[in-house]
Every structure is written in C-alpha cells, then in structure tokens.
Amino acid sequence: GGLTVASPRETLFAVEPWLPASSPVEIDGGPLDARFRVGGSIDQPTLISTVEWTHPVVAGQSLERLAVVVDGAMDQLLWQIEGVISSTAWIKATGTADALQSSASGDWEMRLDDLRGFPGELGELPEFDIGGEAFARGSFDASANELEVDGEIVATDLSTGEWLIDGVEARFHATREAIEISGLEGQAYGGTFEGNLDIATTGSSVPVEADFRWNDIDIGSLPLAVPAEAAGRVDGSLHISGPIDRPEGDLVLAWVADQYDGMVNEIRLNAILVDGFLTVLSDEVELAGAVLSARLEAPLGDLALPDWLWPDAPGGSVRAEVEIPGFSSGPLVEMLDLEDVPARAEADLRAELDWDPLSPETPVVEVRADNLRLVHHAGELVAEGPVEVTLDENGFEMAPVTLVGPGSSIEASAVQVATTDTIEAHLRARLAPE
C-alpha cells in the first residue's frame, strides 16, 4: 500500500478523535510519502515500510528531510533512519526493534560541518556562538523505562568570540540518570588539556564529579590583555565534587616565565573550596632575590555569585596576607635600572588586606616592616620599632617611626586628612657629617 499526506499536521487533527489516545508530540511540516507492505500470518505479521518526509517538524524541532525504512517481524524489526538537519548537518541510525516490547537498539552517527547556529536550525532551541565542526558516533539501547547511549565525539577548530580550541575528543555514556564523559583530550594555545566528568541528571541537588588537567598553555597567546612580564606557560589541575549548587574542589596552578628577568620566574598557587569557604595559598615565590608567600581567605556568602550557587555559604570579609621576609631593595633597584639611589632598604615585610564585599569601596590595607634597616655608604640606620602603614576609609597613615645610627637619627610620620584630601607629614633628621 501507499500513502501521501500533503499536511501531516492537518491529517493528525482530522483522525485524532478516532485514536485511542492523543499524540504525545506535536508534528508539522511538509508532505509525507509512505509505502508499506504487510505479510506473514495474523499471529506473526511482518512489515516492510519506507517513509520519506520533507521538512518535518516534530515537537518543535525541524529537519530538511527524514527517511525511515522498517523491515521484519513485529518482534524483530530491522530499521534505518536518516535525518538531514541542514546542508551542513545530518544524523543516521540503524538497528533492531521489538514493537511488542517497545524496545530498540542500534548504532548512530552524526556530523555537524558548521556548529555555529546549529541548534537554531532545529527550531525552538536557542543558537549559541560556537564555530567549528564535529563528528560523533555510538550505540544505544532503549525501552519504555530505560535509555542508554554510548558514543565518542571529535571536534575541530572550535571557536567562541576570540577564544579558540584546535581540537577536542571524548567518550561518553548517558542514561536517564547520569552522563559520564571520559577520555576528554584537546589542544589549545600551544598546550594540551584532558579530563573526565560525571554528572547526574535527576534529583533535587545534582551531584557532579570532575577532574581536569592542562599543560604548557601559552599565556601570551590567549585573547587577553596580558602584560609582557606575565608571558609564560601554565600547567594546572582542577578537581570538583559534590552537588552542582554546592560544589567543593581543589585547583592547582603553576606559571613559569618565558624569560626570567630577575623579578619572578615561577608562581604556584593552590585554591581549596570547602563548605562555601575559599582558601588560596601560594608556594614560596622568589621575588627579586627575596621569598614571597601569600594567603587569601574568602567566604562566598557575601560575594556576587548566581543565586543558585552556594546559597547558604558563610559571609564575611575577604582577607589576604603577603609576607616577604628578608626583603632587600638592592636587587629591585638593579633590575629597574635605577641610578643614583644612595641607600638600600632591608626589612621583613608583611601586608594584610581586609575587604568587605558589602562595602566594596572601603578595603583596609595594613603594611608592616619589621627590622627595617637603611644601608648607605657611611653606615646604616636601624628602625627602633616596626614601620606601620594603614590605608582605609579614613585615608593613609604612617605611624611614627624612628631610625637611628652612629651620630644620626630620623623621625618620621604621615597622615592623610580626609576632609581636605591632603597629607600632613612630619620629618626630623639629624645626620652625621659623613
């Protein structure tokens, strides 16, 4: 037999009153041509059918063409589907089905020669600004209550805005309850990255488990305004686990300069997120002949995050500390090629920052120099106590300090007058003739 339908939607509306149940999906689109032959016995019929549908629309998703071939007994049908989404995208699938048990299995493959705008070609899905091409293939098993899909995907020349990825490939396993992505590998900006991701698709609080690693990423080639001094290579890793709205994780970053200019050659950072509290630590960093270490602590509760992310995280100020024991200005002066600097400063430096996200305009910065010494050609001046500098909502203040040496002394202090935006400084010096 044969059947040609000029308007599948109108035909469905016409016959729907006589159907045992309404169609669960809406259909629309162009003409449909079907050819079929029924054979076998009454208790074991067979079916051979071909369907050619031009510009079909099913559940709001449109294609240019859909072709279906079915052949076999009702409990062992052989089927083949070919869908042309556009001139640059198609999908094919073949397999077997048991119409009596409402089950099917098979293999599938899909090609997208131009990712940009692809979802929009399907109809109601929003477009996204990702260029490139991709090919995917795999297998599936489906029944009335279960769905399991395995596959692998290869994508090349991916781009969004100014960001580029040379290539990426991955394997995946999906069910109604979870998606697992494994063997993720890619190349970008002169380096490589790899990872795995497991995410549940059901439940009120979706759990996620992810591990990513990247190596030899060239900072200078990123589409960012990076100072020349920051040019270098970055390695790192990221682990995330827990509910997607309350994730916990560990991030490691290592940066190595392309050219060592005597200032900083390497920086390593470790960030840890636990219970809505972020801690960032640095390894010891060689800085102009000294060693720097830093620490940052940030409760997420008062930060400007999406409403769904860590809604019950603790609030409070962001605090940072930087320590440079044994700092000497000599190497820094030499690197900056400064001439005619008559003295060298040496001290143990410590800086602290306290920033309240609810009052972002008024951070508090305190800098303290212990064991300060000013070394010059005739001797040295030593501070009798710490040098303390504070910057807050009231302005700038340097607490009184006295430096003494053989036959010499310096007393100094300074304060910014907030009402007049001026600095009042006090300096009293007695220097030996030499």
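How many bridges link β2 and strand β5, and in which sense do the two pair? The answer is three bridges, and the pairing is antiparallel. Strand β5 covers residues 56–58. Keep in mind as you look around that this is a predicted model.

Let's stay with that pair for a moment. Across from I27 you'll find V58, which belongs to β5. The two strands are part of an open sheet of three strands, arranged in the order β2-β5-β6 with antiparallel pairing. At its edges sit β2 (27–29) and β6 (61–62), each of which pairs on one side only.

Now move along to the largest pocket. Rolling a probe the size of a water molecule over the atoms shows where empty space is left. In the largest pocket, that space comes to about 520 Å³. What kind of residues line the largest pocket, by class? The count is 10 nonpolar, no polar and no charged residues. Among them are W108, M110 and L112, along with F135, I153 and F172. Three strands each supply at least two residues of this lining: β10 (103–112), β11 (131–142) and β12 (147–160).

Our last stop is T362, which you can find in the loop between β24 (343–355) and β25 (364–376). T362 and L391 are 29 residues apart along the chain, and their C-alpha atoms are separated by 9.2 Å.

Methods
Residues are numbered from 1 along each chain as its sequence is written. This is a predicted model: local features need pLDDT of at least 70, side-chain atom pairs count only at pLDDT 80 or more; totals for chains, interfaces and linings use all residues. Side-chain values use heavy atoms; hydrogens and water are left out. On a 1 Å grid over the protein atoms alone, a cavity is a set of points where a 1.4 Å probe fits but cannot get out, and a pocket is an open set with protein on both sides within 12 Å along at least five of seven lines; lining residues have an atom within 4 Å of a point. Grid points are joined across faces, edges and corners, and a volume is the space filled by probe spheres set on the points. Helices (H or I, at least four residues) and strands (E, at least two) are DSSP runs, numbered from the N terminus. Ala, Val, Leu, Ile, Met, Phe, Trp, Tyr, Cys and Pro count as nonpolar, Asp, Glu, Lys and Arg as charged, and the others, Gly among them, as polar. Two strands pair if DSSP finds at least two bridges between them.
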